[in-house]
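Trainee: Could we take a close look at one part of the surface, and then work outward from there to the rest of the chain? I'd be glad of the numbers along the way.

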Amino acid sequence: MVKFSKELEAQLIPEWKDAFVNYWQLKKNIKKIKLSRIPKQTQDIDTNFGLSILDPIRSLVKKIRHKFPNPHDKADTIQVRSNKAIEGGEKDEDEEEQQHHHGKEEEEEEDQVSESDELVQLFSEEDEVRMFFERLDEELDKVNQFYRTKETEFLERGENLNKQLQNLLDLKQILTDRRRKNFQSRSNSGHLFRSWSSSARNSDLSGAESPTEFEETPGQTPETDSVIAALERNGVNFIGSEVRSKTKNGKPKMSMRIDIPTTTPTRSISAVTSMLWEDLVNNPKKEGAGDFINRKKIQCAEKMIRGAFVELYRGLGLLKTYSSLNMVAFIKILKKFDKVSNQQASGNYLKSVKRSHFISSDKVVRLMDEVESIFTRHFANNDRKKAMKFLRPQHHRDSHMVTFFVGLFTGCFVSLFSVYAILAHLSGLFSPGTEAGYMETVYPVFSAFALLSLHLFMYGCNLFMWKSTRINYNFIFEFTPSTALKYRDAFLICTSFMTAVVGAMVVHLLLRSSGFSPTQVDAIPGFLLLFVIGLLICPFNIFYRPTRYCFLRIIRNIVCSPFYKVLMVDFFMADQLTSQIPLLRHMESTACYFLARSFRTHRYETCKSGRLYRELAYVISFAPYYWRAMQCARRWFDECDPKHLANMGKYVSAMVAAGARITYANQKTELWLVVVLVTSVLATVYQLYWDFVQDWNLLNPKSKNPWLRDDLILKNKSIYYVSIALNLVLRVAWVETVTRFNVGMLESRMLDFFLASLEVIRRGHWNFYRLENEHLNNVGKFRAVNAVPLPFRETDSDG
């Protein structure tokens, strides 16, 4: 049977851990009560040690007992028990009789000493009981206060969402009325017009139309006027009459502003253009002139409101779980107290717990039912099953088949790699005459696959550690729990991928040793690359399609920076790319090798001698740092936080250092050596500072944990110090690119692969602490639900 403390640890909301009842501290208080009830073994001490250091105390107790009559001692004993009964519950009658019996006067010395020890024990026990219930009251007040705060927050969210939804429905009605009028004016018949219940209040709007202006015509219906008045009462303001533009008939036009986040390139460019145009013209009457209501904006607003309802429902579910878990914790801890004190003290206290606000209030349950009803009616076409798929997504259980295939592919990989090593040695593959061709044709492709597999393996280790330490990475990355990748899945992808790669290497070696044409054999790496790309973009629902498409979407957002709004997962993935520059360089070599048809002519120097190839080396080395710098610029534009500009400077310095190293590799002069040393040292110091202080939040001299942070997830503090030293060592691996040992081509390529692997390992090591710091920030702010922006502002004004 699982202990409740472990069950509570596994089920509590990680971001709200500090707000839960401190069950573990209460258990320690109960343990103190239990220890205070253990009788002192004075006779054993006297037997073993002869004279005891407690003899003076015993003699003093004897004198006190001779001065005071025995009934007084009896009264004191009863009073202590009575006080305890008041604090802890009802008193057992058998225990009272036993206390009266022990309170009788004894003439023997040993009985006097035993009774004195019992008196001291009773007073000690009374203090422990009082401390326990004081602590219990503090925990109850903490739980109630937190529950009230979150309940008020979610109720305000719900009220605001109701207003937003009503505005959305009213806007749909205005659009429908406008479409009906236009249709009637053109066809003079309304038999094809769909009713409001099947069109305007349906969420299946699709397609974008040109901006629709709402024109006050003589035929405008009173219903539209009442809807506009209701919108203005809800805080949605139309442009005032003094700034309305006039139509040809002299009637004013009305337009309304909807705040849609600039999350896509189209919206970003439109927002920047509008801002620049307003600055150039500087005419307040032009403000908002092109911000008319259209179906596309209403679709975006509807999507935002739907996401806000989903997050609200999720938050209400978490608060309901918070209430039930705390109630069970109070019941369990009071049962433990009854067991230790041999009393039935939990009844009275549990009555007060059940009368507490976090148990007696039903506002959360009623609001959950209301959200379910609203979501089903307006966002799921009255299909409750469809609505529950959004509100309560099902979590897929881990399959044992995944674990089985991970072991199977791991064994296959080890076996195939052993076969490859033996065949390579027997065929003299790495002899001076053949190593050049092999390194130019096979090495770039297979080493790129190996680095990618290593990164997947490190990500699987990250997922395992995040899960073990209760870091809510799905919430941080905003992943859907039902389709999010688990650590077993990451290991399965990694092992199956490497098995296929090593298998292709063995087949390539066997065919090459069997006398097949090099033109045909050397095309195998190209076919493997095409197969992987085809599998990545495969539209069929096989081999983790949600994960593959999520990866492609994130890569699109990175490449198109700064036009896409930057999320946590976007800049986290961009940081991974900065550690995979060797992989990108290998992909450049592979692309040139196959596009230039060098695999047929075996002229390996074609790519390296080309000017375009050398210039692309700079572009590929700069690209990850450029994307990351543009993300920092976009975050500064959105949040106006100068820290993002400082972070952008880090990637600019890394870009300069990378360019200096590439130039030095082509022109080994003393001047460029000095430039490489200066730029690389500055970039490394910049990166180390940002790693330790900003990303990990370590090296805090005022922390209660020396040079760490106040809150640590890992219990062993020495791990953090080792991680700091390891990150420092791996950050200076660029020194090898400057010293360059005098070795052959094979050794040089293997050394480059080894250093690239170390950088991937460093990045995987960095990932854990980066997300740990992000998780602790969420815990410190009790942030367990995403704040979804809403389209309609209550203080919108165009004046």
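**Starting from a nonpolar patch**

Mentor: Happy to! Met401, Phe404, Phe405 and Leu408 make a nonpolar surface patch of about 370 Å². Please keep in mind that this is a predicted model. With a relative accessible area of 31%, Phe405 is partly exposed, because partly exposed covers values between the 20% limit for buried and the 50% limit for exposed.

For context, the accessible surface of the whole protein comes to about 43,300 Å², and carbon and sulfur atoms hold 59% of that. The protein has 799 residues, of which 43% count as buried. Its secondary structure consists of 32 helices and two strands. Among contacts with a separation of 6 or more, 78% are between residues 24 or more positions apart.

The surface also carries a patch of positive charge, where Lys3, Lys6, Lys31, Lys34, Lys332, Lys335, Lys336 and Lys339 gather. Helices α2 (23–36) and α10 (295–341) are the elements that give two or more residues to this patch. Helix α10 gives the largest share, four residues. Lys339 belongs to α10, and its relative accessible area of 70% makes Lys339 exposed.

Charges also meet in pairs: a search of the whole structure finds 22 salt bridges. Asp127 and Arg130 are three residues apart in α7, about one turn of the helix. Glu134 and Arg130 are also about one helical turn from each other, because they are four residues apart in α7. Each of these residues is partly exposed, with relative accessible areas of 36% for Asp127, 33% for Arg130 and 40% for Glu134.

Now compare a bridge that spans the chain. Arg709 and Glu772 meet through their side chains at 3.3 Å, N to O. This pair links distant parts of the chain, 63 residues apart: Arg709 sits in the loop between α29 (670–695) and α30 (718–731), and Glu772 sits in helix α32. Both Arg709 and Glu772 are buried. There is also a network of salt bridges with shared partners, which joins Asp691, Arg731, Glu759 and Arg762.

Helix α32 (residues 745–780) holds Arg749 too. Arg749 counts as buried because its relative accessibility is 14%, under the 20% cut-off. Beyond residues up to four places away in sequence, Arg749 touches Met439, Glu440, Tyr443 and Lys608.

Gly659, in helix α28 (residues 642–666), is another buried residue, with a relative accessibility of 9%. Leaving aside its neighbours within four places in sequence, Gly659 is in contact with Tyr618 and Phe622. The C-alpha atoms of Gly659 and Ala617 are separated by 9.1 Å, although the two residues are 42 apart along the chain.

Finally, a few loops deserve a look. Phe479 is in the loop between α18 (473–477) and α19 (487–513). At a relative accessible area of 21%, Phe479 is partly exposed. Not counting residues up to four places away in sequence, Phe479 touches Tyr459, Asn474, Ala484, Cys550 and Val569.

Next, the backbone geometry. Most residues other than glycine have a negative phi, and most peptide bonds are trans. Against that background, the peptide bond from Ser561 to Pro562 is cis, with omega near 10°. Pro562 lies in the loop between α22 (545–559) and α23 (568–578). Phe543 is not a glycine, yet its phi is positive, near 50°. Tyr544 likewise has a positive phi, about 60°, without being a glycine. Phe543 is placed in the loop between α21 (524–536) and α22, and Tyr544 is also in the loop between α21 and α22. Both are partly exposed, Phe543 at 38% relative accessibility and Tyr544 at 23%.

Methods. Residues numbered from 1 in each chain as written. Predicted model: local features only at pLDDT ≥ 70, side-chain atom pairs only at ≥ 80, totals over all residues. Heavy atoms only, no water. Buried < 20%, exposed > 50% of the residue type's maximum accessible area, 1.4 Å probe, protein only. Contact = heavy atoms within 4.5 Å. Patch = residues over 30% accessible without salt bridge, like charges linked within 9 Å, V, L, I, M, F, W, Y side chains within 5 Å. Areas by Shrake-Rupley, 256 points an atom, 1.4 Å probe, with all protein chains shown as cover. Salt bridge = Lys/Arg side-chain N within 4 Å of Asp/Glu carboxyl O. Lys, Arg positive; Asp, Glu negative; His and termini not counted. Charge placed at Lys NZ, Arg CZ, Asp CG, Glu CD.
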